[in-house]
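Open the model in your viewer and keep the selection panel at hand. The stops below say what to select next and what is there.

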Amino acid sequence: MMEFSRRRLLKTTGLVGTALLSGGLAGAAFSRIAAASVADDPLYAAAKKEGKLTLYWGSYEQQTMEEIRDAFKAKYPGIDVNLLRQASQTVYTRLRMELQNGVYECDSLGTTNLLHYTELKKVGALASFEPADAVNLPDAFRNLDPDMMYHVGAISLTSINYAPRKVSAPPTSWQALLEDQWHGKITTGSPASSGDVANWVVAIRRKYGDDFLRAFGKQKPKVGQSNVDTVTDILSGERVVGSGAPFSYTLTQKAAGNPIDVVAPSDDAILNLGVTGVLAKAPHPNAARLFTNFLYSKEVSQILQKNFWPTLRKDVAWAEGRSLDQLKWYRNTGDDLGPEVAEGIAKWKELVR
Amino acid sequence: MGVISTSREGSTPDAAARPMMPRVPLVKTAVFGAVVLLLILLVVQPFGWVLYNSFHDDLSGAWTLGNYARTFQSADLVEPLVNSLILAVATAVIAIGIGVPLAWLVSRTDMPFRRTIRVLTLTAFVTPSFIGATGWILLAAPNSGWLNALWRLVAGADAGPLLNIYSMAGAIFICGIYTVPYSFTMVSSALDEMAVELEDAAATLGSGTLRTMLSITIPLVTPAVIASFILSFIQGLTLFGVPAFLLTPTGIPVVTTKLAEFYQQFPPEIFMAAAYCMPLLLVTAMLFWMRRRILGRKQYVTISGKTRAGRQIHLGGARWPMFFAALLMPLFSVLLPYAALLLVSLTRAWGQGLSWENLSLYWYWWALFGNSETLTAIVNSLLFSTLGATLCIALGTVVAYIVERRMMPGARLLGAVATVPIIIPGIVLSVGFFAAYTRAPLNLYGTPMLLIAAFAATFLPIAYAHGGAILKGIGPDLERAARSLGAGEGRTFLSITVPLMGGGLVSGWFLVFIPIIRELSVAVFLITPKTNVMTTLIYNAKDGGNYEAVCAMSVLLLLMTLLLVAVARPLAQLTGARRTSRKAAEAAGVVPA
């Protein structure tokens, strides 16, 4: 009895409160249609009930990812976000072990390797979901998976970077890297350590075959681990030209005042898609869906713009007015890239080092 | 605990009449039981998973010997094993070759600024070797290294590089100098505790300082020297950061970089990686077997009820030359690389080079306040290291005691178990912990306990080896005296052995605490957003290419650890058992004043 009446009392108070509140806010609400739509969003309501979200992300570097997280928290208060940001392969290996051990912690996975998702899809570990705002994506990257199990989470470009103070005429194509003048001057990452470099090796073999790798090996490049090491080597002065280099990250360093610049090769910048998916056994599935959809919001694309990443919306330009249409790009497509990547790494070991 | 309290309730009237001495076998059983249980949970279980994994196929999950066959048949996999052995032997030789004389100089002679050298060597210890490698890349990369730039000023702009850090020699140098602190700490704590009567005898018989050192002092600390040789060797085998940074660019693969490839490729070959560690285990087992052959029948008892340590050897005219020689080690491992890191951390954009406009404290501000992660990570690092080191040293010491005094059948097996974790490279161990602690009986996944347990288990071998080396030097006379006066084994251990180990235990604690705080690989699959630690943050920043942040955070990590060591060391000595117990022993007439 007691409980019943208390509940009723609460209910009544709630109703009255809501009525008063909506009455009072009615005027303001007109000017804040967007805010009102967030509050009315049934997905947000469901996500808020879950109250938590765990992200395993390898796409985007720490800083950009933290900004995205913070923007999400600001837009959707009441959801506590746990972000595990490690290298793509590390978060994926972790997730795989968790699934094998029956641990379900992760809600949303975001990595730079499409193969992760084809594997997860095969074992039924992903949940289908159509993010409404994905209509804003550039057309080439929409509906990545016909079953809506995974979606584009990031766009990254692999290009050539160089030290402008030491190089007046940088190589403008992959082929130009093979000229004599760059002998002993090139730095690059390793396809065995970096997904982006592996992706580049696959693309370059498709374009020019193993002859390119053989000639590239003769240039005696310094092979680091990640493609980020190219930037480090150029800034320190150890080498002057970077191959298989990160486009966005180089621009970030340039903006920070470092003497470095980037060239989009005339024989195509290599484009790699970061992918994201909601786990089938996610403990907070609605929060994960809300986050996936949030990736295609203006807020996120503006954060990406600020950090020199290609944006995820047609209507938000890249930093410095760049856009996908302005450059020539190539993406490795195909159903099963796995064996091709393995072959590329083996060839690299044989011919480059 | 339960066992003890039940035993009390059901104790005989005889035992009740002596409440201070509960029935020995029960307490003994309880303690031994607890030790065995802890070892099973902390070591056997995770290692069991690594072993179990090594016999499985990554793709099908079926039982197989294929991983082992591949390890020994593929030239691709044999080459890294050979390279790793070269790196490990050379690292151990450097660590002993520098660490032992340095320890002798600091512990036993009147060389000036001994404390400074000790602190600086400890500072090298605090430095994660991948940070040391980063510093040395700034100094000695063939084209851009600052030392090479200086060299070109002297030798002309066209001169080849003086130093090339991207080489096997470079990697050996870095691994070596960052492993010296192991041998230094272990040997110097043995020297600190050592009696001087044999040295006195040698001096009386006309032996010179050098001869006394070589023929008396160093042989007496053989257990510590051998233990640190093995530890240094294992360091050389299991370090990841240094070969990853320095050997990858020259295309020299070692076991740890090959392991990283197993994890980084798609699909990851986790089970293959587990099998690939086993040759390391074999090699290290051989080292331990050799140790037993060498130490087996000899006696190294130097701490007994009869003497006390503390005589200084006068170096005379060699004092200052020795000081300058001793200074080389901190110069290479601390002063030069940290100068480089400090300079980079103080620039806003390091590619701009050094100028007043580019000077900024921004990255320190950023590391401390500009992002939400660092402060949590600092607290976590300190908390986990403190708790992990305490658990580790307690367990390691008890195991060492049981083994050294042969207190139970199969004691040596306990010792072997306590030694296993350090031989398995961190990233593989991480998977073992993951498998062991994500299920009953110890489901710790996502909690700080997981990291504390993993850290304690990983460095248990250091605690155990260190404890063993000290115990070898402590004669059982005093323990026997206590026993014959009616003290139980537990009481004897706590009131005689532990106080005698005193200073050694404190140095042992630091020997574990510091590696934990700088450990990276073991944490890789165990951290969560809430239990992140400093090293994983630094590595993330490195991974993201944020060099200024890497340098600033490294300097902060160093300062933080030094501060802690500075606070903890005198504190430990003030409250530490050693002095008080010695006084008590003197008062009781056990130790002559």
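**Stop 1: where the chains meet**

Select the contact between the chains: 44 residues from chain A and 39 residues from chain B take part, two residues being in contact if their C-beta atoms, placed from the backbone, lie within 7 Å. This is a predicted model, in which local features need pLDDT of at least 70, side-chain atom pairs count only at pLDDT 80 or more, and totals for chains, interfaces and linings use all residues. Residues are numbered from 1 along each chain as its sequence is written, and chains are lettered from A and ligands numbered from 1 in the order in which they are written.

Now colour the side of chain A that touches chain B. Among the elements that each supply at least two residues to it are helix H4 (62-75), strand E2 (80-85) and helix H13 (338-351) of chain A. Helices (H or I, at least four residues) and strands (E, at least two) are DSSP runs, numbered from the N terminus.

**Stop 2: two domains in chain A**

Select residues 37-155 + 273-320 of chain A for domain 1, then 156-271 + 328-351 for domain 2; such bounds come from an automatic or database domain assignment. The C-alpha centres of domain 1 and domain 2 of chain A lie 28 Å apart. Where they touch, 13 residues of domain 1 of chain A are in contact with 11 residues of domain 2 of chain A.

**Stop 3: B:Thr217**

Go to helix H12 (residues 209-220) of chain B and pick B:Thr217. Is B:Thr217 buried or exposed? B:Thr217 is buried because 22 other C-beta atoms lie within 10 Å; buried means 20 or more, exposed 12 or fewer, and partly exposed in between, with C-beta atoms placed from the backbone. Not counting residues up to four places away in sequence, B:Thr217 touches B:Trp104, B:Arg108, B:Glu199 and B:Thr212.
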